[in-house]
Amino acid sequence: WTRDRFNRENMALSIRDNKSYAQAPHGFYFSNQFTLTVWIKVHDCGSKARIIDFGNEGINDNIILSYSN
């Protein structure tokens, strides 16, 4: 965690390499409505890099947002 754009401590997530990730709590994403907002600053990116990947490890009920240069 890091400071956000308003300089508030521990209010933004900083991921600096391709091995880092954040894990959301297990559970509720497809039984109710939810909103997810993402601001990204790409430093280096490979093909089809995943920004968001929510899923149940099956072929249904998955949300994937990827970036490709």
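The chain has 69 residues, and 7% of them are buried. Its secondary structure is quickly told: there are two strands and zero helices. Strand S1 covers residues 49-54, and strand S2 covers residues 63-67. The accessible surface amounts to about 6800 Å², and carbon and sulfur atoms account for 48% of that area. Contacts across the sequence can be described as well. Of those that link residues at least 6 apart in sequence, 17% join residues at least 24 apart.

Two salt bridges turn up when the whole structure is searched. In one of them, Arg-3 pairs with Glu-9 through their side chains, with a distance of 3.0 Å from N to O. Another salt bridge joins Arg-8 to Asp-4, where the closest N and O atoms are 2.6 Å apart. Here the partners fall into separate classes of accessibility. Arg-8 is partly exposed, with a relative accessible area of 43%, whereas Asp-4 is buried, with a relative accessible area of 15%.

Why does Asp-4 count as buried? Its relative accessibility is 15%, and the class of buried residues takes in values under 20%. The side chain of Asp-4 also makes a polar contact with the side chain of Arg-8, at 2.6 Å. When residues up to four places away in sequence are set aside, Asp-4 touches Met-11 and Ala-12.

Asn-7 belongs to the segment before S1, and its phi is positive, near 70°, in a residue other than glycine. Asn-10 is likewise placed in the segment before S1. The phi of Asn-10 is about 60°, again a positive value, although this residue is not a glycine.

The surface carries a nonpolar patch of about 680 Å². Which residues make this nonpolar surface patch? The contributors are Phe-34, Leu-36, Val-38, Ile-40, Val-42, Ile-51, Ile-63, Leu-65 and Tyr-67. Strand S2 gives the most to the patch, supplying three residues. Phe-34, one of the patch residues, is located in the segment before strand S1. With a relative accessible area of 30%, Phe-34 is partly exposed.

Taken together, the predicted model shows a chain with two strands and no helices, two salt bridges, and a nonpolar surface patch to which strand S2 gives the most.

Methods: Residues are numbered from 1 along each chain as its sequence is written. This is a predicted model: local features need pLDDT of at least 70, side-chain atom pairs count only at pLDDT 80 or more; totals for chains, interfaces and linings use all residues. Side-chain values use heavy atoms; hydrogens and water are left out. Helices (H or I, at least four residues) and strands (E, at least two) are DSSP runs, numbered from the N terminus. Buried means under 20% relative accessible area, exposed over 50%, partly exposed in between (1.4 Å probe, protein chains only). Contact means heavy atoms within 4.5 Å. Accessible areas come from the Shrake-Rupley method with a 1.4 Å probe; for residues, only the protein chains shown count as cover. A salt bridge is a side-chain nitrogen of Lys or Arg within 4 Å of a carboxyl oxygen of Asp or Glu. Patches are made of residues with over 30% relative accessible area and no salt bridge: like charges are joined within 9 Å, nonpolar side chains (Val, Leu, Ile, Met, Phe, Trp, Tyr) within 5 Å. A polar contact is a pair of N or O atoms within 3.5 Å; within protein, one must be able to donate a hydrogen and the other to accept it, and residues adjacent in sequence count only if both atoms are side-chain atoms.
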